[in-house]
Amino acid sequence: MTDRAKFISGVTTSLGHSEVHTPSPEPATAFSDSDEDAKLKAAVALAVATDRANELIEQMAKAAENTGWQVHRVSNPEDAAELIADICRGYDATSVLRSTHGVLTDIPLDVAVRDTGVTIDVTESTDPGDTTDSSEREEAKKAAFSADVGITGVDYAIAETGTVVLHPRKGLSRLVSLAPPAHIAVLRPGEVLESLDELFAMERADFLSGTLSGSMNLISGPSKTGDIEGTIVTGIHGPLEVHLVILGNS
Amino acid sequence: MKPETKEFRSKAAQTLKNKTVLQSLEHVYTGFHEGRLKAAADTPDWEDLRTKGKAIKDHTIAHLDYYLGLLADNVEKNDGHVFFADDAAEARKHIIDLAHTREIKTVIKSKSMVSEEMALADALIEEGIEAVETDLGEYIIQLAGETPYHLIAPAIHKSRQEVAALLDDNFTVGDPIPGAGELTMLARAKLRAVFERADMSVTGVNFAVAESGSIAIVTNEGNGRMSTSVPRIHVAVMGMEKIIPSIQDLSTMLRILIRSATGQRISSYITMVNGPRKPDEEEGPDEFHLVIMNNGRDKLLADPQMRESLNCIRCGACLNACPVYRKVGGHAYGWVYPGPIGSVVSPVLTGLKDAHDLPNGSSLCGACHEVCPVKINIPRMLLELRWRAAEGKSDPAERASSMKERMLWKSWRIGMMGRRRFDFGARISRFLMRPISKHGWIKKAPPPVSGWTTTRDFPLVAAKTLKQRLAARKKSVDANRNRP
């Protein structure tokens with residue numbers, strides 16, 4: 001018997017069973033939801049995100065402030081680019097890293113940041129498909145650890161908790177929102193979901209099919225710790241400050 | 001980790017003497033506890049969430065064998081590796097072997113109570129591998145050579161001065177004490193360097209999702225994210241009970257976990273891992289290993305009275321709420337899990353005979369049951385363990401009571417079971433107690449009952465029993481009534 005089979009059969013015995021019982025549907029867990037149920041839940045979540053986009057943006061702004069995001073509202077792409085350049089200038093940034101989120105090329109960001117005399121790099125391998133090259137990965141890591149600001153869009157946001165959801169992938173490195181001392185996330189209406197329920201309902205199919213990237217991050221405010229005498233301090237491992245730039249109606 | 005549950009009384013007594021630590025901790029626990037209360041009050045469907053959380057865990061544990069198989073299948077489908085470890089030694093050996101074959105030099109550890117069961121960091125260091133705890137609290141504890149004091153705030157008993165002495169080589173006692181912010185930045189700089197050179201990470205698992213083969217790690221600091229971004233190998237370790245069936249159950253479980261742990265609506269970071277990095281990703285581990293450990297949990301599972309304790313999601317709310325934990329501190333409990341939940345699982349996992357003082361160290365006030373996000377009835381299990389330790393009926397080897405104690409309670413029971421025996425006992429007790437009492441109280445009883453009066457006084461048995469007094473009263477009332 002393999003270790004696994006032995007282990008699991010030990011568990012079966014401890015449960016007082018002679019063989020593995022397949023669970024019958026349990027209303028508390030979504031495990032037994034049919035594909036149709038799951039699809040329906042996902043469709044409803046998406047429809048709500050679109051129909052109530054403006055309301056959810058307001059909720060998001062409020063919740064984000066509570067979790068420690070510095071929230072900025074801008075009405076047009078030019079202002080957004082200018083604001084982000086200002087934030088970078090405020091940190092005396094010399095090196096800025098950004099993801100390939102569409103929103104970041106929809107606003108004239110690169111020009112605005114470069115105008116302040118800062119280098120802005122995109123977190124995308126120069127030679128896609130060759131990321132197993134360890135020296136190149138070493139370079140990427142160094143770049144992230146030495147960058148002053150990391151800029152990303154959002155894959156989703158969650159109004160209930162003030163959370164930004166990112167799926168690291170090609171063009172969105174894991175470290176861009178983590179290693180630099182400041183992180184700026186740019187959000188547009190329509191990208192905000194109501195709560196964690198809607199997020200997992202929408203993502204379930206991707207999780208189950210294995211098409212999902214290697215990881216997912218839910219980010220709610222800056223890195224923080226209360227481990228020394230219970231005093232809350234930001235920036236123990238990740239960003240000390242995080243900015244949420246909301247583009248669109250304000 | 002070697003259990004030291006036998007020393008509960010002496011270690012508790014030690015903490016009780018330390019007034020400054022007690023005072024500063026009171027503030028912290030109250031902060032956590034009140035934060036939780038407020039978070040619960042702000043969540044309109046809080047009780048429904050708890051009920052749902054309990055139902056999810058009850059269901060999963062009742063089908064644990066099925067979900068373990070499903071989880072393992074799906075982790076492998078995502079190109080991850082699964083290792084099943086019967087005990088801590090097996091898990092430790094597997095991880096050390098892995099580190100050796102991959103020629104690992106530096107391991108970063110994220111907070112994990114399961115890895116404490118393995119005493120993993122020390123074992124890696126003994127093998128010549130640098131192993132650094134990266135949760136700030138755990139890092140401080142590691143520098144001090146201690147074990148965690150609290151499930152989610154491991155170094156909460158350390159003062160800023162002690163932390164400064166540990167973190168800053170140039171600090172000498174007498175120097176102005178740096179603020180928490182300054183110390184945190186010092187730790188940030190030190191740990192940054194470690195993150196940059198780390199080639200393997202070991203993290204815990206808050207929830208493992210069976211249907212998708214993914215794990216969720218909850219942190220405020222971001223060390224969990226570093227661990228899943230920088231090193232080329234990621235090893236996640238979990239107790240076998242940490243499973244939930246569906247990805248959609250996560251929203252319920254995360255809500256109750258985080259609110260109960262810190263009173264936050266959400267932690268800064270929730271990281272989900274679905275195997276190693278995808279081929280076109282620039283960063284992330286090349287290998288993902290999941291170690292699923294039993295280490296005595298099957299004993300809890302096979303025991304209908306104790307099975308419920310496997311529902312625990314390690315939020316620490318019962319610790320913050322417990323009047324005993326708040327006074328005796330985390331180290332008194334002598335093993336990985338302190339507080340009320342520790343008093344339930346440690347005796348079963350490490351042996352009741354040595355740990356029988358743990359279930360006794362409770363006032364049975366029920367606060368732990370009231371705050372538990374998955375409604376674990378801890379007081380019921382504490383009573384069950386007390387009974388087992390006293391009677392030894394379920395397992396004679398577990399009996400911890402002395403012959404003297406059993407004889408005493410046996411005669412007590414005989415005395416209580418008959419009216420005439422009871423009356424006789426009451427009279428003779430008063431007669432025997434009177435010489436050693438003063439103003440109706442006994443301050444110091446002789447052996448074999450001297451233990452009773454070390455921390456409290458015992459009242460002298462009344463001259464007349466309640467029955468006698470009632471009879472006398474009735475007589476006088478009747479007499480008055482019959483007066484013409």
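Predicted model: local features only at pLDDT ≥ 70, side-chain atom pairs only at ≥ 80, totals over all residues.
I started with β9(A), which pairs with strand β9 (residues 269-273) of chain B in the antiparallel sense over five bridges. My terms: strands (E, at least two residues) and helices (H or I, at least four) are DSSP runs numbered from the N terminus, and two strands pair if DSSP finds at least two bridges between them. In this pairing Ser215(A) stands opposite Val273(B) in β9(B).

Residues are numbered from 1 along each chain as its sequence is written, while chains are lettered from A and ligands numbered from 1 in the order in which they are written.

**Contact**

I looked up the contact next: 72 residues come from chain A and 80 residues from chain B. Contact here is C-beta atoms, placed from the backbone, within 7 Å. On the side of chain A that touches chain B, the elements giving two or more residues include α1 (3-14), α7 (134-146) and β9 (215-219).

**Helix α7(A)**

I found Arg137(A), Ala140(A), Lys141(A) and Ala144(A) buried in α7(A). They cover an arc of only 95° around the axis, so they sit on the same side of α7(A); the arc is that of the directions from the helix axis to the C-beta atoms. For burial I count other C-beta atoms (placed from the backbone) within 10 Å of a residue's own: 20 or more is buried, 12 or fewer exposed, in between partly exposed. The face turned away from the buried side carries the exposed Ser135(A), Glu138(A), Lys142(A) and Ser146(A). The buried residues of α7(A) pack against β2 (95-98) of chain A.

**From β2(A) onwards**

I followed β2(A) to β4(A): they run parallel, joined by three bridges, with Val96(A) opposite Val149(A). In β4(A) (residues 149-152), Val149(A) and Ile151(A) point one way, Gly150(A) and Thr152(A) the other, and all are buried. β4(A) also pairs in the parallel sense with β7(A) (residues 182-187) over four bridges, and Ile151(A) stands opposite Ile184(A) there.

**Chain B**

Last, I checked strand β7 (residues 233-239) of chain B, which pairs with β10(B) (residues 287-293) in the parallel sense over seven bridges.

Methods. Contact = placed C-beta atoms within 7 Å.
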